[in-house]
Amino acid sequence: MKHVQKLTALFLAVMLILSASACGSTDAEDTEAVSAPDAGSAAADEGSDWSAQRSAGLEYYDAGDYENAADTFSAAIESEPNRAALFIDRGKAYFGWANELENDGDMEAALEFYEMAKADFEKALELMNSGEAADETTGNFEANTNIAETKLNYIEHFTSEFTRYNEYGATLFSDRDEYKEFEEFSTEQQDYIAALITAVIENDIDSIDLDILGDVFGGNGEYYTLWNGYKVWFRIYMSDSGHTELEIEIRPENGTGYYLSIEYDPFNTAKSTKIITYTTCQCVDWQWNGEYNSVYRFIGSEDEGYPEWSKTTAGVMADSKRDGTFTSSDGGSNTYADGVWVEDESGSADADKEYIGTIRSSKIWYAEGYELDDLYW
């Protein structure tokens, strides 16, 4: 009898151990499934609706997996593009991702994701305020609005304190102090800028009206802007005596770019009335790279002994600086090594000053590091 009791006790002990082992295994699997769900499973499941995708995205978000959260919310947005809550969710995921990058010191990447978050929060507010949101917004409208506005305030503060730079160390084009969105110009200014750029591209320089510059822009100024896929810089200078200068540089991401300079002095008929430099060059990744061809025209008063004349100059640009020898039709030449002027037709360059050649000038004094923003867009 005692032998039977011992066997029974042993049997029960074994069963308890097996049962405990099985229960422990199930708990571990459940914990793993919640803390680290299968990446992208909800987004990839064609049978999932937006609600299921959102639930999966929220799990990722709560686990701190902002990348998969954002991807999953994006899949839900494809199904429900007018649901403001989804843009709030994805914006929060981008925001969390950006915050991690900011804490790691990767400010450029952080800014990129803050901008993406900003776009989502602004889209959510747009949907809710326009009445186009598909959400049942009665209970969540105020809360979602507060979330979006709070996050946007933080992003605005962050971006205002941070300047981005391109791979050359120059200020990112749209972050420059002189940058202005094309739509921010007045209608009259937009019309003038568009006509000016078109005239330069078509080499129709005579159609450019310098006499109305003061009325259109109200004075001197320097601007960067974007127009029809081109990055554009232009400068206006007008003196009280009537002397006018207009410069414009036009770069595509890839293709032919243009530079024009006009100096106009209507009252100085004894010397000249207009000096025009018109240049074309290829651009690669927004930088001047390729054959450079320029025409310089001096338009003076022949009666006063200053007849019109012109010359052409040709060479090669590399990463927005002159490279090699540039030759002119009047017999002149300038030679450059990685942009630095080393000699002209008369001999070696001035050893006391370092000059570089750019799209705008054959020799600019390289003092304390020439403005990188002028070179690299």
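**Stop 1: Leu210**

Select Leu210, which counts as buried because its relative accessibility is 8% (buried means under 20% relative accessible area, exposed over 50%, partly exposed in between, with a 1.4 Å probe and protein chains only). Leu210 sits in the loop between α8 (187–201) and α9 (213–217). Helices (H or I, at least four residues) and strands (E, at least two) are DSSP runs, numbered from the N terminus.

This is a predicted model, in which local features need pLDDT of at least 70 and side-chain atom pairs count only at pLDDT 80 or more, while totals for chains, interfaces and linings use all residues. Residues are numbered from 1 along each chain as its sequence is written, and side-chain values use heavy atoms, with hydrogens and water left out.

Which residues does Leu210 touch, not counting those up to four places away in sequence? They are Tyr192, Leu246, Ile262 and Tyr264, where contact means heavy atoms within 4.5 Å.

**Stop 2: the whole chain**

Zoom out. The chain has 10 helices and 13 strands. Of its 377 residues, 41% are buried. Taking contacts between residues at least 6 apart in sequence, 46% join residues at least 24 apart.

**Stop 3: α4 and α5**

Two packed helices are described by the angle between their axes and the distance between the axes. Select residues 66–79, helix α4, and residues 84–103, helix α5; they pack at an angle of about 160°, with axes 9 Å apart. Axes are lines fitted to C-alpha atoms, for helices over the stretch in contact, and angles run from 0 to 180 degrees between N-to-C directions. The angle makes α4 roughly antiparallel to α5 (under 35 degrees counts as roughly parallel, over 145 as roughly antiparallel, 65 to 115 as roughly perpendicular and the rest as oblique).

The crossing of α4 and α5 is left-handed, a term used if the near helix is turned anticlockwise from the far one by less than a right angle, with clockwise being right-handed. To see the contact, show side chains including Phe73 and Ile77 of α4, and Tyr94 and Trp97 of α5. The residues of this α4 and α5 contact divide into 11 nonpolar, two polar and four charged. Ala, Val, Leu, Ile, Met, Phe, Trp, Tyr, Cys and Pro count as nonpolar, Asp, Glu, Lys and Arg as charged, and the others, Gly among them, as polar.

**Stop 4: α3 against α5**

The crossing of α3 and α5 is left-handed. Trp50, Arg54, Leu58 and Tyr61 in α3 meet Ala85, Leu86, Asp89, Lys92 and Ala93 in α5. This contact of α3 with α5 has six nonpolar, no polar and three charged residues.

**Stop 5: Cys281 and Cys283**

Select Cys281 and Cys283. Cys281 is buried, at 1% relative accessible area, and Cys283 is buried at 2%. The whole structure has zero disulfides.

**Stop 6: Asp374**

Finish at Asp374, in helix α10 (residues 372–375). Is Asp374 buried or exposed? Asp374 counts as buried, at 18% relative accessibility. Beyond its neighbours within four places in sequence, Asp374 is in contact with Tyr224, Glu249, Arg251 and Arg360.

Technical notes: A disulfide is a pair of cysteine sulfur atoms within 2.5 Å.
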